[in-house]
Amino acid sequence: MQNPQLDVEAALPVWNRLNNVVLINVTPRHVPQRGAGLVAERDLTHDNTGLSPALARIPRDLVLSHQSVEEFTKVDGHFRELLDAAGRKSARIDACLFLLAQWVLGTHSRPPPGSETSTGPVHTPWAEYTRFLPGHVPVPTMWSDAERQLLRGTSLEAALTAKIETLTDEFDRLRTASSDLPFWNALFWDDNRVTRADWFLVDTWYRSRSLELPYLGVCMVPVLDLANHSSAPNAYYDEDCDEQSAGVKLLLRPGVSISAGEEVTISYGEGKAGAEMLFSYGFFDPTRSTNYVTLPLMPLEDDPLGMAKVHVFDGPRTVQLGRTTGSHSEVTWESPFAWLLCLNEEDGLAFRILQDTGGNRELRVLWQDEDVTGRIEALEELASSHPLYDVFKLRVVTVLEERVSAQLERVQTDFFPPDDENLTEASRVEREGIRAECLEAANALRGQEASVLEAAVRTLEKQKSQLLAAKTVVAYLGSMEVSQSEQAGDTASNQSDDFS
Ligand SMILES: C[S@@+](CC[C@H](N)C(=O)[O-])C[C@H]1O[C@@H](n2cnc3c(N)ncnc32)[C@H](O)[C@@H]1O
C-alpha cells in the first residue's frame with residue numbers, strides 16, 4: 001500500500017494538540033541513522049531529589065492495548081466482524097488488524113459506498129498516527145531473500161523462517177476470511193490495495209514499537225514510541241493510574257542531565273540477546289548486548305518416546321547458552337527439555353494415558369512411578385537424587401556438545417557459497433543488492449554467536465571429561481562393557497554352535 005508518510009517535525013505537534021498529548025521540553029526530530037526520535041529543547045536536570053520531571057504525557061485512551069482493541073469492537077461493528085472472521089487467534093494479530101484497518105482508513109479516507117452505518121467504520125486518532133510510522137523498519141522480516149541468507153547458521157535462522165511462514169499464513173487466512181465481508185473486501189482487496197508486504201510492515205510496527213506496562217500489558221503508546229534505545233538511557237516510562245491523569249508518562253531518570261539538542265532515550269530491555277534485538281528492532285550493539293544464544297532442540301533420532309516428549313513439554317524446546325560479560329571462558333547452559341530428551345524408560349521415565357469419565361484422554365508423565373506431569377521442567381532436580389545422576393548428566397552434556405558444535409560449524413561456514421571463485425565478497429554483495437547495514441548487522445551477530453558457541457563447546461567438553469572421571473560413571477560404563485562382551489560371547493558361542 002502506498003504510505004505517504006507524514007513528517008513528525010512538521011505535523012506531529014498538531015496531532016499532539018488535537019489528541020491531548022503533552023510534550024514538555026522535548027520535541028520530535030529526525031535523528032541520523034535512527035529515523036525519528038525525541039530531542040530535548042533545553043537543558044534538563046534531575047538532581048536526584050523530588051519526583052522525576054515528566055517529559056511527555058499520553059492519555060490512556062490513546063494507548064493501543066489488548067483491552068482497547070476489545071473495547072473498540074463494541075463501537076465499530078465492521079471491525080468486530082473482521083476480528084470474528086479472523087478468529088481472534090492472538091492479541092498480536094488483533095492489534096495488527098486494528099493498525100491495518102486504521103491505516104487503510106487513514107490513507108483512503110472515503111469508505112466503500114453504502115458502508116457507513118451507525119456502528120462504523122470508526123476513525124480513531126490511530127488512522128492519522130499510522131501515517132507517521134516508518135514505511136521501512138530494518139528488522140530481518142523486512143530483509144530481501146539474499147539479505148536473510150546472511151543469517152544462515154545464526155540462532156535467528158530458524159526463528160526467522162518460522163516467523164515468515166507464520167506471517168504468510170496469517171495474511172492468506174486474513175484474505176480468505178475477510179473476502180466474504182463486503183465492507184472489508186471493498187476496503188482491503190479491491191485493486192489489491194492491501195498486500196502481504198503491508199501485513200509484514202504492520203507486524204513490524206507492533207513488534208518494534210510495543211512495550212510492556214504493569215496494568216495495560218503489552219501495548220503501543222503513540223509518541224512515546226518515538227523514543228529510541230540507548231544502553232545508557234536518560235529517560236524511562238511509567239503508567240499513571242490516577243483517574244484524572246490516567247495514561248503513560250515519559251520521565252527524566254534520576255541523577256541525569258540532558259543538554260538542549262540531545263536525544264532523549266529509553267532502554268528497550270536490559271540483558272536482551274543480540275539476536276533478539278535484531279529480530280525485534282532491526283539493530284543491536286554487539287559490545288553491549290548480552291552474550292546469550294538460544295538454540296532449538298529436536299528429539300533424538302532413534303528415541304521411540306520422542307513424539308510423546310514433545311507433546312508433554314510446554315516450555316521452550318531449546319538450550320540457552322549464556323556468557324556473562326567479563327568472563328570469556330565459562331558459559332552456563334540451561335535446558336529442561338534436554339533433560340527430558342536424555343531420560344528414558346530404563347531410567348524410570350514413563351508415559352501413561354489417563355481417560356476420565358467423560359472419555360477425555362490425557363498423556364501423563366511419570367518419574368520413578370511418581371506423576372510429575374506438572375513438573376517436567378524440574379526433571380533435573382527430580383533426577384538429582386538418583387544414583388545414576390552423573391550418567392544422566394553425561395548424556396545431556398554429550399547431546400548439547402554435539403548440537404552446539406554443529407551450530408558452530410554452520411555459523412563459521414562462508415555464507416556466500418563458492419559458485420563463482422572470481423567474484424569477491426564485495427562484488428557479490430553489490431550483485432545481490434545486499435544493503436550495507438544488513439551485512440554489518442549479520443556479521444556482528446555471526447561473530448558474537450560464534451564466540452559464545454566456541455566458549456560453550458569448551459565448557460561442555462570440560463564438563464564431559466569431569467563426568468567421565470566420576471566414580472558412578474566409571475562403574476556404570478564398566479558394567480556396560482561387561483554386559484556387552486557377555487552378549488558378544490553368547491552370540492559367538494551360538495554362531496559356533498550353528499557352524500559345528
Ligand atoms: C520504537 S521505534 C523508535 C522510533 C523510530 N526511530 C521511528 O523512526 O519512528 C524503534 C525503532 O527505532 C530504531 N532505533 C531505535 N533505537 C535505535 C538505536 N539505538 N540504533 C539504531 N536504531 C534505533 C530502530 O529502527 C527501531 O526498530
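1. The model is predicted: local features need pLDDT of at least 70, side-chain atom pairs count only at pLDDT 80 or more, and totals for chains, interfaces and linings use all residues. Residues are numbered from 1 along each chain as its sequence is written, and side-chain values use heavy atoms, leaving out hydrogens and water.

2. Next, the polar contacts (pairs of N or O atoms within 3.5 Å). A backbone N or O atom of Ala36 sits 2.7 Å from a ligand oxygen atom. Arg209 places a polar side-chain atom 2.9 Å from an oxygen atom of the ligand. A polar backbone atom of His229 is 2.9 Å from a ligand nitrogen atom.

3. On its own, the ligand has 570 Å² of accessible area (Shrake-Rupley method, 1.4 Å probe). The protein covers 87% of that.

4. Now the helices, which are DSSP runs of H or I with at least four residues. Helix α7 spans residues 156-179, and helix α8 spans residues 182-189. Their axes (lines fitted to C-alpha atoms over the stretch in contact) come within 8 Å. They cross at roughly 130 degrees, on a scale from 0 to 180 degrees between N-to-C directions.

5. Which residues of α7 and α8 make the contact (heavy atoms within 4.5 Å)? α7 gives Phe171, Leu174, Arg175, Ser178 and Ser179. α8 gives Trp184, Asn185, Phe188 and Trp189.

Note on methods: Polar contact = N/O pair within 3.5 Å; in protein donor to acceptor, adjacent residues only side chain to side chain. Helix = DSSP H or I, 4+ residues; strand = E, 2+ residues; numbered from the N terminus. Contact = heavy atoms within 4.5 Å.
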